[in-house]
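Please look over the sequence and the model shown here, and then follow the account below from the surface of the protein to the charged pairs of its side chains.

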Amino acid sequence: TLDWVKTREEDETPSYRLGTVTRFNIISHNGRMYDKDEDRTIPFKKGEHLSQSSVLLLSKSLDEANNRLPGLLEFEVTPVRSARGAIKRFVLSSCRKPGVLGPAHSL
């Protein structure tokens, strides 16, 4: 649709989001995550420097969610917004288990 085409990738500061993986492609490393702040599922694409340990955590989160476990992760993402400013998708830089000290330790 026209709204999808009219997206803009801004150099926003990466932020941390708390959520779970709902879909994940092991080949492309793209997928979807449920974002607790937005209270909705948002697509993500692999960032340039996504580590293998982050990829393992993504698949583990999906597995835990399938087994009715929390599967919560802290995602370091850069939002891609529509022309109107709504979040359309995320570029995923890394992820980690919640509670690891760092910028998102208070989530």
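This is a predicted model: local features need pLDDT of at least 70, side-chain atom pairs count only at pLDDT 80 or more; totals for chains, interfaces and linings use all residues.

Residues are numbered from 1 along each chain as its sequence is written, and side-chain values use heavy atoms, with hydrogens and water left out.

The protein has 2 helices and 6 strands, taken as DSSP runs (helices H or I of at least four residues, strands E of at least two) and numbered from the N terminus. Read along the sequence, these elements follow the pattern α-β-β-β-β-α-β-β. Of the 107 residues, 35% count as buried, where buried means under 20% relative accessible area, exposed over 50%, and partly exposed in between, with a 1.4 Å probe and protein chains only. Among contacts (heavy atoms within 4.5 Å) between residues at least 6 apart in sequence, 56% join residues at least 24 apart.

We can now turn to the charged side chains. A salt bridge is a side-chain nitrogen of Lys or Arg within 4 Å of a carboxyl oxygen of Asp or Glu, and by this rule the count comes to 5. One of them joins Arg-17 to Asp-35, with the closest N and O atoms 2.9 Å apart. Because Arg-17 lies in strand β2 (residues 15–24) and Asp-35 in strand β3 (residues 31–35), this pair ties together parts that are 18 residues apart in sequence. Both Arg-17 and Asp-35 are buried.

Arg-17 also meets Glu-38 in a salt bridge, at 3.8 Å from N to O, and this pair links strand β2 with the loop between β3 and β4 (40–46), 21 residues apart. Why does Arg-17 count as buried? Arg-17 does so because its relative accessibility is 10%, whereas Glu-38, at 34%, counts as partly exposed. Arg-17, Asp-35, Glu-38 and Arg-40 are linked in a network of salt bridges.

Another salt bridge is formed by Lys-97 and Glu-64, whose closest N and O atoms are 3.6 Å apart. Lys-97 lies in the segment after β6 (87–96) and Glu-64 in helix α2 (residues 52–66), so this pair ties together parts that are 33 residues apart in sequence. Lys-97 counts as partly exposed at 33% relative accessibility, whereas Glu-64, at 15%, counts as buried.
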